Amino acid sequence: MASKPKPTRKSGSASKARKASAHARSNTGRDSANAATGAIIRTLPQSASGTMHDAPPSGKRNFVKKLLYLIVILIVVGFAYLTYKAWRSVPKDSGTVKVEGLQGTVTIARDALGVPFVKADTEQDAFFGAGYAAASDRLWQMYATKLAVTGRLAEIGGSKMLPVDVYMRTVGIRRAVDRAIDAMAPEYRAPLEAYARGVNAFLKEQKNLPLEFTFTGYTPEPWTVYDCGYVFGALSFGLALNLNEEIFFLDAAQKLGAEKAAWLVPSYADEPIPFAEAQKIDKKLAGQLAPQTEILKNTLHDLENIFRSGMPASNNWVIAGTKTKGGKPILANDTHLLLTIPSLWGMMSIESPTYKAAGVIIAGQPFIQLGYNGNIAWGATMVEADCQDLFIEQLKTENGQTSFLRADNTWAPVRERKEHFKVRLGKDRDATLRFTANGPLISDALNQINAAKETPLSPIGIKTEKALALRWSLQDGDTAGIGIYDMGRAQTMADFRKALSKIQSIYLNMVYSDGENIAWQTTGRIPVRTKGTGQLPSIAADGYRWKSYLPFAQQPHKENPESGYLYTANERTVAKDDKRNIGSVWYAPERAERIADLLEKRADWTGEDAAKMQLDLYSRMAEKTLLLFKSIEGELNTAIAKLPAKKQQRAKDALALLAKFDSVMTKDSQGAALLGAFNHVFTRNVFGDELDIDSSLWKGFLDTNMRSYAAPQDHLLGRDDSPFFDNVKTPEKETKADMVALSLADAYEFCADAMGAPEKWRWGKLHKIYWQNDITKSLGIASKYYNIGPVAYQGDSSTLNVAHYAWGENFDTVVIPAMRLIVDFNQAEPAQLMTHTGVSGNPSSQHYADQTKLFLAGRNHPLPMGTVAKQQQYTKVLNLVQR
C-alpha cells in the first residue's frame with residue numbers, strides 16, 4: 001500500500017520545539033523583565049570594553065561606554081516608569097469616593113477574590129455603581145470591544161488594522177445597535193444611562209489608566225448608552241458561526257470542486273452530505289468569487305486574532321426535584337469559550353429594591369447575563385442556529401451606477417454609504433459601503449482599500465460581475481438588552497420566558513428553574529427561507545432569500561419533562577427531519593450523550609455531585625474510536641499487513657496500548673496521549689494531500705472544524721465511501737482501513753519523537769493550557785506581564801470538562817469552561833460560581849488571575865444572595881457618595 005505524506009516527523013519536531021518553548025516560558029516568571037534589565041546592566045559595558053582592545057582612540061572608547069550606560073539608564077528608567085504607572089493604575093477598592101450623578105450612597109463591597117457586590121437604594125444608583133465597578137476591573141476590555149465593533153481599531157493600531165475596521169463597518173453592528181438604542185423606551189434606556197454615568201465617574205476619578213492606554217496612545221472618550229449596546233452587538237457577532245463555513249466552502253469549491261468540497265462540511269453523522277446545497281456552486285462560479293473569498297478569509301483571520309469570536313462547547317442541565325436528594329431542582333452551567341485573558345466573563349452581584357441578581361457579566365454592559373436572582377436560576381449554551389447567509393449577487397455597472405439583479409430578472413440600484421477611517425501614524429482613508437436587498441456587500445469596501453494601495457491616484461475596486469452579500473438577523477434590529485434586563489427582574493417562570501422572547505439575535509439554549517419547575521427554551525429569531533437550508537452560499541437572482549422569522553411560540557421549548565431533567569450541549573436538539581430549519585450544522589453529540597447517561601443513572605443528585613460532573617473527563621469520542629478499531633478488526637489487520645515492517649509493528653503496538661485505555665482523558669494518561677496523537681495524524685493523513693497542510697485552505701479547514709461537527713470526526717466514525725481516504729498522490733486507491741492503519745503507526749512514532757519511550761507518554765506533555773493575550777503574546781519577555789502558563793492539561797473536545805484543540809494542527813487548548821455555575825435550590829445559599837482568570841483585566845491587580853488555580857483545581861466560589869451571607873463575604877468596602 002502506498003502511504004500518504006507523513007507529517008509526523010515534522011509534527012514531532014514541532015512538538016519538541018513547542019515543549020522547549022513552553023519550558024522556557026514556564027520558568028521565566030513575572031519578574032523576568034527585571035532579570036533581563038539586570039543582565040543588560042551587567043553585560044553591556046563589559047562587552048563594549050571587551051571589543052575595544054584593538055586600541056581605538058580612548059576618547060571614542062569612552063564615548064561608546066557613556067552611550068551604552070545612557071541606553072541602560074534609559075531602559076531602567078523606562079521600566080521603572082512603566083512599573084510605577086502599572087502599580088498606580090490599580091484603583092482603590094476601599095474608602096470613600098465623591099462623584100457626581102448619584103441620588104444616594106452606593107456601596108461596592110468586594111470579597112477575597114475581588115468580586116464586587118454593588119448595593120444602592122435605587123436601581124439607577126445600583127447600575128451607576130455597576131458601571132463604576134466594571135470600569136475599575138475591565139476598562140481596557142470595554143474600550144477595546146467598543147473600538148473593534150465600531151471599526152476604529154486603526155485609530156490605535158495603525159493601517160494594519162484598516163481591513164478589520166472596514167469589514168466591521170460593512171457588517172454594520174454599529175448601525176443596527178444605534179437604531180435599537182434610538183427606539184428603546186425610556187424605562188429600558190435608563191439603566192444604560194446610569195451605567196454610563198458610573199463608567200464616566202470612574203474615568204474622572206482615576207487618572208492613571210491601565211498600560212494598554214499608554215501603549216496605544218488612546219485617550220478614552222466618555223462612555224455612552226450606545227457603547228453598552230455595542231457590547232451586546234459584540235456578543236451577537238461572537239456567537240454567529242455560519243459565515244466562516246460558507247467562505248471556507250467557496251474556497252474549497254474553487255480548488256476541489258463543489259461536490260468534493262461538500263464532504264468537508266457535514267451536517268451530522270446520520271444526515272447525508274449536503275450535495276444538494278453544494279451543487280449551486282460550480283467550480284467556475286467559485287473561481288469568479290475567488291478574489292473576494294481570498295480577501296475575506298484573510299480579514300477574518302486577522303479579526304479572529306483581535307476579536308475572539310465564539311466556538312461552541314458549552315454544557316447546561318437542570319434536574320427536577322424528583323431526581324435530587326433534597327427534593328428541589330439543581331441547575332448547572334459551564335459556558336465553554338475561547339481561551340482568553342482576561343476572560344470574557346466578569347462576576348458581579350447587584351442589589352436594589354427593583355433589581356437583584358448575581359452571576360456573570362460582560363464588561364461594558366450593565367446586566368447579569370447568567371446566574372441567579374433569588375427566584376430564578378438560568379444557564380445557557382449556543383443553539384447553533386444558522387442566522388447568517390451569504391448571497392451571491394450579480395452586479396452591473398453602467399454610467400457609474402451599479403445595480404444588482406433581482407429574482408424577477410429586473411435590476412435595482414445598490415444603496416451606498418460613505419465611511420471615513422482615521423489611521424494612527426498614517427493617512428486617513430475613505431471607503432464606500434454598498435448594499436443590496438439582502439445586506440452589505442461584505443468584500444466590496446475591502447476591495448477598494450486594496451485597490452487604492454496599488455493605484456492611489458485612481459482608487460477603483462476589483463472589477464467583478466459577482467459579489468457576496470451578507471444577510472444576518474441583527475440587521476433587522478434586536479431587543480436583547482431589554483430581554484437580559486427583564487431576565488434579571490423575572491419573578492416567575494412565565495416572566496422569564498417572556499423575557500427570553502425579546503432576545504432576538506443571540507441564539508441560546510436557556511435552561512431555567514424557579515426552585516419548583518424546570519424548563520428549556522431557545523432564543524433568537526430563526527430565519528424562514530424561500531428555499532434551501534442556508535448552510536452554503538445561495539444565488540440571490542435564483543430566488544433565494546429570507547421571507548420571515550419563525551414565531552417565538554414555535555421555537556423549541558419544554559417544561560417539567562417526565563425524565564426529570566433537561567440538558568443541552570450544542571448538539572442537534574431537534575429531530576433530523578425537523579421542518580423549522582433551525583440550523584444546518586451542530587456540534588458533535590458526545591458531550592450531550594455523556595450528560596444524558598449520567599443524569600439518567602441516579603435519582604439522588606446533590607449540588608456537589610453536579611459540580612463533580614462538570615469536571616468529568618470521560619471521552620465518549622475516545623470510546624467510539626476504540627470501538628471502531630474492534631468493529632473493523634479484519635480490514636484493519638489486512639491494512640496493517642500492507643505497511644512496511646517497522647510500521648506494522650508500530651501499528652500493532654499502538655493497538656495494544658489503546659486496548660488498555662479507559663477513555664478517561666487525564667493529563668497523566670498514556671492512552672490519552674496516544675489517542676490524541678492518532679486524531680492529529682489521522683486528520684493530516686486523510687485530508688493533507690488534497691488540502692495542502694501549508695495552505696490557507698488548510699487553515700480554513702481547521703477553523704471550520706473547530707466551529708461545528710467536523711469532517712475528521714465524521715470520516716473517522718463513518719463516511720467509508722469518502723473520496724478523501726484515497727491519497728491522490730499515489731497510484732493505489734487507499735481505503736479508510738488503510739488510513740486508520742497508517743495513522744496508528746504514525747501516532748506511535750509521533751509520541752516516541754515527542755516524549756521518548758512509551759512509559760513516558762503523558763497527555764499533559766502534549767496537551768497544554770496557556771492563557772495569553774493575542775495582542776501581547778508576541779512581546780517576548782514583556783508578554784509575561786499579561787500571560788500565564790503553559791500548564792499541562794486534561795480533557796478533550798468531547799469531555800464535559802472540555803479542552804478543545806484543533807485536530808491536525810497541534811494540541812494547544814483553545815476552548816475551556818469560561819465559567820462554572822451551580823444553583824442548588826436545596827441549599828440556604830444556592831449559587832456558586834467560578835471563572836478561569838479573575839475579575840480584573842489589569843495585570844497589576846492581585847485579582848487578574850487569582851481564580852486560575854482554583855479553576856484548575858475544580859473548586860467553586862459562593863455567590864450569596866442573603867443579607868447576612870453577603871455581609872460575611874464582601875468585607876472590603878468602597879462607598880460612592882454624591883460630590
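Reply: Helices and strands here are DSSP runs, a strand having at least two residues, numbered from the N terminus. The model is a predicted one. By that numbering, P790 has its place in strand β26, residues 788–792.

Me: Which kind of peptide bond, cis or trans, runs from G789 to P790?

Reply: Most peptide bonds are trans. For the bond from G789 to P790, omega is near 5°. That bond is cis.

Me: Where does P342 lie, given that a cis peptide bond joins I341 and P342?

Reply: Omega of the bond that joins I341 and P342 is about 0°. P342 itself lies in a loop, and the strands on either side of that loop are β6 (336–338) and β7 (345–351).

Me: Is Q141 buried or exposed?

Reply: Q141 has its place in helix α4, residues 123–149. A residue counts as buried under 20% relative accessible area. The value for Q141 is 18%, so Q141 is buried.

Me: Which residues is Q141 in contact with, leaving aside its neighbours within four places in sequence?

Reply: Contact means heavy atoms within 4.5 Å. With those neighbours left aside, the contacts of Q141 are P342, S343, L344 and A363.

Me: What is the phi of N409, and is N409 buried or exposed?

Reply: Most residues other than glycine have a negative phi. N409 is not a glycine, yet its phi is positive, about 70°. N409 is in the loop between β12 (401–405) and β13 (411–413). Exposed means over 50%, and at 59% relative accessibility N409 is therefore exposed.

Me: How does N560 count by its relative accessibility?

Reply: N560 lies in the loop between β23 (557–559) and β24 (565–568). Its phi is also positive, near 45°, in a residue other than glycine. With 39% relative accessibility, N560 counts as partly exposed.

Me: What span should the 14 residues of helix α23 have, and how far apart are its end C-alpha atoms?

Reply: The expected span is 1.5 Å times one less than the number of residues. For α23 (residues 645–658) this gives 20 Å, which agrees with the distance between its end C-alpha atoms, 20 Å.

Me: Why do the buried residues of α23 line one face of the helix?

Reply: The buried residues in α23 are K647, A651, A654, L657 and L658. They line one face because, seen down the axis of α23, they fall within an arc of 125°.

Me: At what angle do the axes of α22 and α27 cross, and is the crossing left-handed or right-handed?

Reply: The axes of α22 (residues 633–641) and α27 (residues 736–755) come within 8 Å and cross at roughly 65°. From α22, E635, L636, A639 and I640 meet A737, D738, V740, A741 and L744 of α27. These contact residues divide into seven nonpolar, no polar and two charged. The crossing of α22 past α27 is right-handed.

Me: How many residues of the contact of α11 with α25 are charged?

Reply: Helices α11 and α25 pack at about 145°, with their axes 10 Å apart. The contact is made by residues including E245, D251 and K255 of α11 and D703 and R707 of α25. The residues of this contact divide into four nonpolar, four polar and five charged.

Notes:
Residues numbered from 1 in each chain as written. Predicted model: local features only at pLDDT ≥ 70, side-chain atom pairs only at ≥ 80, totals over all residues. Heavy atoms only, no water. Axes fitted to C-alpha atoms, helices over the stretch in contact; angles between N-to-C directions. Helix = DSSP H or I, 4+ residues; strand = E, 2+ residues; numbered from the N terminus. Left-handed = near helix turned anticlockwise from the far one by under 90°. Nonpolar A, V, L, I, M, F, W, Y, C, P; charged D, E, K, R; others polar. Buried < 20%, exposed > 50% of the residue type's maximum accessible area, 1.4 Å probe, protein only. Arc of directions from axis to C-beta.
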